[in-house]
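Subject: Structure for you to look at

Hello,

I am passing on the structure below, followed by some notes on what was found in it. Please have it open while you read.

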Amino acid sequence: MALLRVLAVARKALGQLAHDRRTVAFVLIVPLVLILVFGYGFGGQPSHIAAVVLNQDRGPAGGAFLSSLPSGVLDLRTVDSSSSAYSAVNSGSAWAAILIGPNFTAMARSGTVTLTLYLDGTSPTITAAVLSAVQSALQSAFGANGSSGAVRITSQYVYGSATTPFIDTIAPGIMALAILFITTVLSIIVLVRERSVGLLERLFASPLRPSEFVAGHALSLTVVALAQVAVLFGSALLIFHATFTGNLLFAYGVLLLFGVGNLGLGMLLSAAARSEFQAIQFIPLLLIPQILFAGALFPLEAIPVAFRPISDILPLTYAARAVQDILLRGWGVGAVALDLVALGIYAALMLGGAIALVRRQA
Amino acid sequence: MSAPASTAVPPEFSASPESRSGPAPAISVRRLVKKFGEVTALDQVTLEVPPGQVLGLLGPNGAGKTTLIRILLGLTRSTSGEAYLLGEPAGARGVRTRVGYMPQDLAVYLDLSVEENVTLFGRLYGISGSRLRSRSQEVLERVHLADRSRSIVAELSGGMRRRVSLAAALVADPDLLLLDEPTVGVDPELRAEFWEFFHRLTRAGKTVVLTTHYLEEANRADRVVFLHAGRVLATGTPSDLKATTGTENLEDAFLRIVRARGGT
């Protein structure tokens, strides 16, 4: 691969962009619009939320409470100590831990029920669903006989808090989604344009290698993605006063990796399509399932169970989860390693596929 | 990345009379066949182009001109046969640096400036820095676009766009130029200018191969090849072809040869 030619292609693509102010505006405004639109309210109806329970109650009330939990909302797993309950939430394997103390039954008889929850408060939708399930169970277990004068739930937030603003929790998902939108669409369009006027053929009559062509475009779109992520972070921080716990630069890097994979996919599809029209039709096909099933806008738990396997094959699932973990939970490389590996494989496969196919369309 | 094809020249090929004397031919094609499914686009095409000539590749639409050029550039594979450019297998990366190509479609970036187009192709062919600047200045002067170098191509007339495309083919100073219908839709004045320029290049030892279906302008070529239904019907200088067929112009010469072969 010759750097001169890679840079020539990148420079060409950026030059085209520089001459096209509307596209520049599109590239910078779309992420802003997305974060504004989704920044205000969004709700799903989560189910099968992973949670753990520690029932130390010496009487029957703890069991009665647990059996009153509305079915389907929580997927409960029993743990045997409060430290393992805490670490389940801390490690991300559970959204919530319910701790029922030894005197639960006694307290229930006296009319005041105390319950401790460990919560991962990074998703208000999930937090709200957990709290409402717990409250309604307490209500139906003890409220019916009129004895529940007071129900006290002690909530301890492992991540986030009861007051974590919605924008903080949704911003990482929107960022990943915005990167998906723009990188995919732009890369499909880039190749479509080159094909339509015989340019691709002319480029490949020169000493340009397919890998240099793909790398050059990857480079130019990375520059674009850098600007977009800056807009996203800037608007989240300045407009919505979002506060992120984690490392912004790390999240930036993950988003770029995701972007590179997307543009590989865009070029791959564009090269595989028989016509420009076909290529454009891939866009909704790529975007809609990811918007719905990748956990970027609503938690995966809000997706009907039957559809959940789909989310496992969507790249956005891994990107959104990694960025959420980094920004909201403050996790480091080790904790998001699996997502990084998935994104790395995605990028490598897509770029490799694009390189293999791109010259065919010349 | 595609591995360059073997550069070894087959023995029977190097023994051919043309390549025994003088420099390597600019183009050597032997028994080239290209089939698209049932359709035979090129049928046993053999031709040799010595360096320093303007060769006109003539024939009606569908004769196989563009297919031949695409094979020479390595953009498509032949079904069988051999093709060598400047002594190297067609499509080898080493030789692509030395071949300028102007496709039939304009194939320039309409949304880039004239200069950006020309320097892009310069860089793709491996030139940069001050040499790139001087070369692009030179070719833009040659095609009379030096004063429009900062204009966006989309703002230019059709003839000017064609000149941008030619400048892009010329910028890396190639030894061989493959021009696919460079004069289609070009007004007569500009067409005459192009031809003059092609001859200036051949005097400097370059080779120009161009296709056209305007048979009359091919009178200005050093040699022409008549291609019809994927076959080479005749080759020679324009005056030879007219003399042997006893005709006044290349169009009649072409028709006479086609009829003699029992074609349509």
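The contact between chain A and chain B takes 22 residues from chain A and 23 residues from chain B. Please keep in mind that this is a predicted model.

On the side of chain B that touches chain A, two helices each supply at least two residues: H4 (93-96) and H5 (114-124). Of these, H5(B) gives the most to that side, with 5 residues. Sorted by class, the side of chain B that touches chain A has 14 nonpolar residues, along with 6 charged and 3 polar ones.

The other topic is the make-up of chain B. Chain B is divided into two domains. Domain 1 is made of 21-41, 50-98 and 175-264, while domain 2 is 108-174. Taken over C-alpha atoms, the centres of domain 1 of chain B and domain 2 of chain B are separated by 25 Å.

What does each domain put into the contact between them? Domain 2 of chain B gives 9 residues and domain 1 of chain B gives 12 residues. On the domain 1 side, strand S7 (176-180) and helix H8 (188-203) of chain B each supply at least two residues. The largest share of that side comes from S7(B), with 3 residues. By class, the side of domain 1 of chain B that touches domain 2 of chain B has 7 nonpolar, 3 charged and 2 polar residues.

Regards

Terms used: Residues numbered from 1 in each chain as written. Chains lettered and ligands numbered in written order. Predicted model: local features only at pLDDT ≥ 70, side-chain atom pairs only at ≥ 80, totals over all residues. Contact = placed C-beta atoms within 7 Å. Helix = DSSP H or I, 4+ residues; strand = E, 2+ residues; numbered from the N terminus. Nonpolar A, V, L, I, M, F, W, Y, C, P; charged D, E, K, R; others polar. Domains from an automatic or database assignment.
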